[in-house]
Amino acid sequence: MVKFSISAVALAIGVGVSSTTAFAPISTTSSSRRTIAKNTPLHMSDVAAQSPLAPLTVWGDKIPNILESQKELKSSKIEFAPTIKSSDIGLASDDIEGQLAYVKEHAMEIKQQMVDNGAVIFREFDLMKEQDGFVKFYEAIGMKTCLDPLHSVSARPTVNGEKNSPVYEAVNKESRKNFFIGMHNEFVGTRAPRAAAFVCFKAAETGGEFLIADGRQIFRDLKSDLVEKLYNRNIRYSVMELPFFGWVDNLPEFVQPGVMGLVKGLASTAINSKVDFSVDLQWGEGGYDNVKMLQARAPSQPPILSHPVTGEPHWFCNVHSHSSKLRKDREEVYGAERFEDGASQINKSDMFYGDDGDISDADLEHMDEITMKNVQFVKMTEGDVVLLDNYKCMHGRNVFDGTRKHGVAWFEGWEGEEEMKAKVAGVAAKKEAVLA
C-alpha cells in the first residue's frame, strides 16, 4: 500500500495537521533515471546512490479474448516457487564462498526459474544472513537495482538506516504486527519494479510469514463472468482520503461551494505535483470521524496483464490489499491496526470499477477466497531469500508477535532479460510459421 507523507500534503494545501503499493496507468514522459545532486551523501555505495527510479509499468496490449485466455490457462500446468536449499546442491549452510560461486555459475538458470515459475526460494544460505552478503547475492545473479517505488511520494526506511542503502525495510514495525498485509504486486502510479528479493535478517518469534501467490493461478481460478466484467470495466483505486474538512460544514451554506472548489483545486495541485500520475479528487463523507473528506482516485487500469517476457496472462490487481471491505473483514480476525499518527487517516485505500461503480461484497469475497486459496505461507529464517518476478508473483505478510527484521531490494530488470524476450519471440514466430 502506498504511504503518503501527511506533512507534505498538509503543508501544500494549507491544512494544519500533524504527521502495501498501487495506482493506475497514464502516459508519462518522466525519465527512468534520477540525477543525483553533487552534495548527495554516498553511504552504501555509489551504485546505490545512483539507482534509477523504478521502471515504468509495462501494461502491454489489450488481451483480445480474455475468457479464451483463461480457458487456455486452465488446461496448462503451472509450477510455482521452487526451492533451492544449500544442502540440496551439496553445500554446507556456512559455506559462504561456495554459495556465492554457485549463484554466479547458475545466475541465468536462476533468473529463468524466477520468470518461468514466478519466484525462487533460497534456504540454508548463510551468505544472505547479513546485508553485505545479501547484496553480493543479487549482484552475482545479475539483478539491477532501482529505487523504491514509493520514492516519489514517501520515504520507506532502509534496513541499516543509511539514506542511500539499496535494501529497504519490509514492514517490520511493532505497531503494524497485527495488520495482515494483503496480497499485492508492487506498483505506484506509473512505475513498477520488474523483480524483487525479500530477505530475512531476523524471523519473528511467532507468525510473520512472507506470503506469495502466483497471478496466473488467481486469474485461472476466478469465476469467468467476474473476469469478463472486471476486464471490460477495468478497476480503479481510491488511494487516500483527506479527512480534514469538517470545518466546511460550519461555514454559511452559500459560501461552501466556492470554498470546496478552492480547497479541491489546491489539494489536487499539491498531490499531483508529488506524483507522476493523475489523481482525481472527489468530495465525500468518511474518515475515522465521519467528517467531510476528499477522496483521491487514480485512473482506471486493467486487472489482468500479459507478462512482459513470457506473454502469459496473469492477475495484476491489488484488490486483496486495497479493498476496505476485505481489510475490515481481516480486522475482525486479527484486530485493528494500532494507528500512531494522522498519516494513518490519509493512507486509506479502496477499490472500485474503472467507471467508479462499486464492486459487490460477494465479488470481493470471491476474490479474497481465490487469492487465499493460492497463497503460500513462507516461514523464513535468517538468510532465507525469496527472489520474485513482481509481475507474475504477488506478495504479502502475515501478522506476527515478537521482533521481525526483513528487508527487500527492488530491481528494474536483470542481465539477460532481453535475451529471454528474444527467445520467447523466436518460439512464437516458429509456431506461427507452422500454423501458416
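1. R297 lies over the face of F352, 3.6 Å from the ring centre. A second case is R233, whose charged end sits over the ring of Y353 at 3.8 Å from the ring centre. A charge sits over a ring here if NZ of Lys or CZ of Arg is within 6 Å of the ring centre and within 35 degrees of the ring normal.

2. The model is predicted: local features need pLDDT of at least 70 and side-chain atom pairs count only at pLDDT 80 or more, while totals for chains, interfaces and linings use all residues. Residues are numbered from 1 along each chain as its sequence is written, and side-chain values use heavy atoms, with hydrogens and water left out.

3. The count of aromatic pairs comes to 15. Rings of Phe, Tyr and Trp (its six-membered ring) pair if their centres lie within 6.5 Å, and planes under 30 degrees apart count as stacked, over 60 as edge-to-face and the rest as tilted. F187 and Y237 have ring centres 6.1 Å apart and planes at 70 degrees, so the pair is edge-to-face. This pair links distant parts of the chain, 50 residues apart: F187 is in the loop between β5 (181-184) and β6 (195-202), and Y237 is in strand β9 (residues 235-242). Helices (H or I, at least four residues) and strands (E, at least two) are DSSP runs, numbered from the N terminus. F187 and Y237 are both buried; buried means under 20% relative accessible area, exposed over 50%, and partly exposed in between (1.4 Å probe, protein chains only).

4. One aromatic cluster is formed by F122, F125, F134, F137, Y138, F201 and F411.

5. Helix α8 (residues 224-233) and helix α13 (residues 361-373) have axes that come within 12 Å and cross at roughly 110 degrees. Axes are lines fitted to C-alpha atoms, for helices over the stretch in contact, and angles run from 0 to 180 degrees between N-to-C directions. The helices α8 and α13 are therefore roughly perpendicular (65 to 115 degrees; under 35 is roughly parallel, over 145 roughly antiparallel, the rest oblique). L226, K229 and L230 of α8 make the contact with D363, H366 and M367 of α13 (heavy atoms within 4.5 Å).

6. E124 is in the loop between β2 (119-123) and α6 (131-141) and is partly exposed, at 33% relative accessible area. N234 lies in the loop between α8 and β9 and is partly exposed, at 21%.

7. K62, in the loop between α2 (46-49) and α3 (66-74), counts as exposed at 58% relative accessibility.
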